[in-house]
Amino acid sequence: MARIAAAPRHRTPLAALTAEGTRAQAPAALVADLLPPAPSALPRLSGGQLRVWLVDVDTHARGAREAAAGTLCGTEQARAAAFMDDADRAAYLTSHVALRRLLAAYTGTVPNEVELVRDPCPLCAQPHGRPALRGGGGPHFSLSHTRGLGLIAVAGTPVGADCEALADIHPSPDLGRLLHPREQAELTALPDHRRGHAFGRAWTRKEAYLKGLGTGLGRSSTLDYVGTGPVPAAVAPDWRLRDVALPDGFSGAVAWRVPPADDPPPGSRCPRGSRRGGTGWEGEVRGST
């Protein structure tokens with residue numbers, strides 16, 4: 001997505017984003033763990049389990065810059081060097097160093113030995129789909145970063161995450177046309193001062209879902225209704241979509257696939273014996289409110 005200009009605003013410290021502190025603001029939002037430090041070892045995720053992590057770029061940019069040469073691969077270092085803006089480069093470096101440290105904790109290796117590849121695109125089978133670990137032995141993951149902030153989602157199933165710096169945004173008619181027709185109508189009905197936040201919610205939800213599918217914007221952003229209101233819409237029967245509690249001036253969301261009710265995770269037992277019912281396997285969300 002092209003950058004949308006945003007006026008600077010006071011930021012809520014990341015450490016203040018606790019479950020109790022955000023419940024009144026966003027009752028459906030996930031509250032993420034903070035990085036760094038990354039744990040030295042993390043348990044394997046299965047089924048619909050999900051963990052979400054935030055990276056405070058402003059606090060840890062210097063340390064990430066010093067660690068980058070011994071942590072990132074040559075391609076990542078070249079991409080970082082190509083950024084013209086220091087803040088964009090810091091967000092990239094800090095988020096990618098954090099991602100590698102996190103994946104190393106899940107896979108029992110060291111960060112510079114984590115091998116990242118791209119899955120085939122579901123639309124054309126070319127290798128530009130979801131990022132993945134080579135060999136497919138680790139968790140699914142998704143990374144998003146913007147100036148000052150990184151967002152990482154790790155799950156036992158395909159997952160997508162997106163965050164954007166959206167303070168004081170005034171969406172143009174052209175941007176509004178990127179939304180589902182119902183979302184366009186919702187946006188038009190709002191007063192001008194509320195449209196930026198509403199657009200940001202809808203856009204990060206869409207990006208998260210499309211990244212989870214592996215298509216990115218190869219699938220039109222107008223096709224799926226995710227809503228512009230405080231609570232995301234149900235986007236698909238086998239996907240969960242949640243907003244993430246972020247500091248003022250940011251919007252973020254995570255989408256992850258959950259196993260259907262007739263295909264429970266290995267080792268699971270129905271509490272009523274062989275009878276199945278309910279709405280399906282919701283999965284475990286770590287850090288949820």
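1. Start with the side chain of Ser 142. In this predicted model, that side chain reaches the backbone nitrogen of Ala 161 at 2.9 Å. Ser 142 is found in strand β5, residues 140-146. Its relative accessibility is 3%, so Ser 142 counts as buried; the cut-off for buried is under 20%.

2. What surrounds Ser 142, leaving aside its neighbours within four places in sequence? The contacts are Leu 151, Ile 152, Ala 153, Val 159, Gly 160, Ala 161 and Lys 211. Take Gly 160 as one case. Gly 160 is 18 residues from Ser 142 in sequence, yet the two C-alpha atoms are 5.2 Å apart in space.

3. Now look at β5 as a whole. The strand is mostly covered, with five of its seven residues buried. Strand β6 (residues 149-155) runs antiparallel to β5, and seven bridges join them. Ser 142 has Ala 153 as its bridge partner in β6. The two strands form a hairpin with two residues between them. In the turn, Gly 148 has a positive phi of about 90°.

4. Next comes an open sheet of three strands. The order is β7-β9-β8, and the pairing is antiparallel. The edge strands are β7 (159-165) and β8 (239-243), since each pairs on one side only. From one strand to the next, the twist averages 10°. Seven bridges join β7 to β9, residues 250-257. One of the bridge pairs is Asp 162 with Ala 253 in β9. Helix α7 (residues 192-213) packs on this sheet and touches β7, β8 and β9. The direction of α7 makes about 150° with that of β7.

5. Turn to the salt bridges. The whole structure holds eleven. One of them joins Glu 183 and Lys 206, with the closest N and O atoms 2.9 Å apart. This pair links distant parts of the chain: Glu 183 is in helix α6 (residues 181-189), Lys 206 is in α7, and they are 23 residues apart.

6. Two other salt bridges each sit within one helix. Asp 86 and Arg 89 meet at 2.8 Å, N to O. They are three residues apart in helix α4 (residues 86-107), so about one helical turn separates them. Asp 86 is exposed at 57%, while Arg 89 is partly exposed at 22%. Asp 192 and Arg 195 meet at 3.2 Å. Both lie in α7, three residues apart, about one turn. Asp 192 counts as exposed at 54%, and Arg 195 is partly exposed at 25%.

7. Last, a network. Salt bridges link Asp 85, Asp 88 and Arg 147.

Conventions: Residues are numbered from 1 along each chain as its sequence is written. This is a predicted model: local features need pLDDT of at least 70, side-chain atom pairs count only at pLDDT 80 or more; totals for chains, interfaces and linings use all residues. Side-chain values use heavy atoms; hydrogens and water are left out. Helices (H or I, at least four residues) and strands (E, at least two) are DSSP runs, numbered from the N terminus. Buried means under 20% relative accessible area, exposed over 50%, partly exposed in between (1.4 Å probe, protein chains only). Contact means heavy atoms within 4.5 Å. A polar contact is a pair of N or O atoms within 3.5 Å; within protein, one must be able to donate a hydrogen and the other to accept it, and residues adjacent in sequence count only if both atoms are side-chain atoms. Two strands pair if DSSP finds at least two bridges between them. Axes are lines fitted to C-alpha atoms, for helices over the stretch in contact, and angles run from 0 to 180 degrees between N-to-C directions. A salt bridge is a side-chain nitrogen of Lys or Arg within 4 Å of a carboxyl oxygen of Asp or Glu.
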